[in-house]
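Hi,

Here is the structure I promised to send over. Have a look at it first, and then read my notes below.

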Amino acid sequence: MLVSAFCALLVGAAACSSETQGSALPGRSTAIAEPTSVGQTTGAPSTSDGSGGGTSDLQACDLLPASARSELGISDGGDDRQIGQARACYYRVRTDSLATSYALVVAILDKQGLADIVARGEKVESKIGSHDAVQAVRGPGGCAVSLGITADSRVDAQVTGDAEQDLCAPAMAAAKLIEPQLPQS
């Protein structure tokens, strides 16, 4: 169920594979699955000149410096991943309760902007620093806050876990910590 939640949550153009990958947390009945693909868009990805739309020089694991990771309760440096068309960094966030632990993925989408987001329900538009942002539930068990870099690129803070009603708060907290690291939009 969590793998399909990630597939519905994460934004990109690849489809889910039938393989299940993940990391089980000790004492937990379900795993916080590692993303195997980056999910849905509203159609073909936006086109760009290949320059990465202002994101080509970014590295996903560099967007949360050590002080920001500490503030979010992340104890590791993250794992660089290629998830579909996204360059991503995967973190496991362990809280006092295993039921409220979650996965955080910082994803750089070089050729997909805020207009390409597919949400389950309402998209909440806002401004974080100098960047336009969209917060949305993107599948069962997941919430993401996307920061627009250009019309054709964005950075997502995506959170998945068991406590869906509580996932948008850490996604927003991560997005606010990521925003100062981004090029001006």
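A quick definition to begin with: a disulfide here is a pair of cysteine sulfur atoms within 2.5 Å. Please keep in mind that this is a predicted model, in which local features need pLDDT of at least 70 and side-chain atom pairs count only at pLDDT 80 or more, while totals for chains, interfaces and linings use all residues. Residues are numbered from 1 along each chain as its sequence is written, and side-chain values use heavy atoms, with hydrogens and water left out.

**Disulfides**

The structure holds 2 disulfides. One of them joins Cys-143 to Cys-168, with an S to S distance of 2.0 Å. The link of Cys-143 and Cys-168 is right-handed, with 100° about the S-S bond. This pair links distant parts of the chain, since Cys-143 sits in strand E8 (residues 142-150) and Cys-168 in helix H3 (residues 168-178), 25 residues apart. (Helices, H or I with at least four residues, and strands, E with at least two, are DSSP runs numbered from the N terminus.) Both Cys-143 and Cys-168 are buried; buried means under 20% relative accessible area, exposed means over 50%, and partly exposed is in between, with a 1.4 Å probe and protein chains only.

Cys-61 and Cys-89 form a disulfide too, with their sulfur atoms 1.9 Å apart. Their link is right-handed, with 95° about the S-S bond. Here as well the pair links distant parts of the chain: Cys-61 is in the loop between strand E2 (31-33) and helix H2 (66-72), Cys-89 is in strand E4, and they are 28 residues apart. Cys-61 counts as buried because its relative accessibility is 12%, and Cys-89 is buried with a relative accessible area of 0%.

**Strands around E4**

Strand E4 (residues 86-93) is mostly covered, with 7 of its 8 residues buried. Strand E3 (residues 79-83) pairs with E4 in the antiparallel sense over 5 bridges; two strands pair if DSSP finds at least two bridges between them. E3 and E4 form a hairpin with 2 residues between them, and Gly-84 in the turn has a positive phi of about 60°. E4 also pairs with strand E5 (residues 102-109), in the antiparallel sense over 7 bridges. Ala-88 in E4 stands opposite Arg-81, and Ala-88 stands opposite Ala-107 in E5.

**Helix H3 and the cores**

H3 is mostly covered, with 8 of its 11 residues buried. Among them are Pro-170, Met-172 and Leu-177. The buried residues of H3 pack against H2, E5, E6, strand E7 (131-139), E8 and strand E9 (153-161).

The largest nonpolar core has 33 residues, and those with the most contacts inside it are Leu-63, Leu-64, Tyr-91, Leu-104, Val-155, Ile-178 and Leu-182. The elements that give two or more residues to this core are H2, E4, E5, E8, E9 and H3, and the largest share, 7 residues, comes from H3. A nonpolar core is a set of buried Ala, Val, Leu, Ile, Met, Phe, Trp, Tyr and Cys residues joined through side-chain atoms within 4.5 Å. Leaving aside its neighbours within four places in sequence, Leu-182 is in contact (heavy atoms within 4.5 Å) with Leu-58, Leu-63, His-131, Leu-147, Ile-149 and Val-155. A second, separate core of 8 residues includes Ile-83, Ala-88, Val-105 and Leu-109.

**Salt bridges**

The structure holds 5 salt bridges, each being a side-chain nitrogen of Lys or Arg within 4 Å of a carboxyl oxygen of Asp or Glu. Asp-110 forms one with Arg-87, the closest N and O atoms being 2.8 Å apart. Because Asp-110 lies in the loop between E5 and E6 and Arg-87 in strand E4, this pair ties together parts that are 23 residues apart in sequence. Both Asp-110 and Arg-87 are buried.

Arg-81 forms a salt bridge with Asp-79, the closest N and O atoms being 3.4 Å apart. Arg-81 counts as partly exposed at 23% relative accessibility, and Asp-79 counts as partly exposed at 31%.

The side chains of Asp-156 and Arg-154 also meet in a salt bridge (3.0 Å, N to O). Asp-156 is buried, with a relative accessible area of 0%, and Arg-154 is buried, with a relative accessible area of 0%. Salt bridges that share partners join Arg-138, Arg-154 and Asp-156 into one network.

Best wishes
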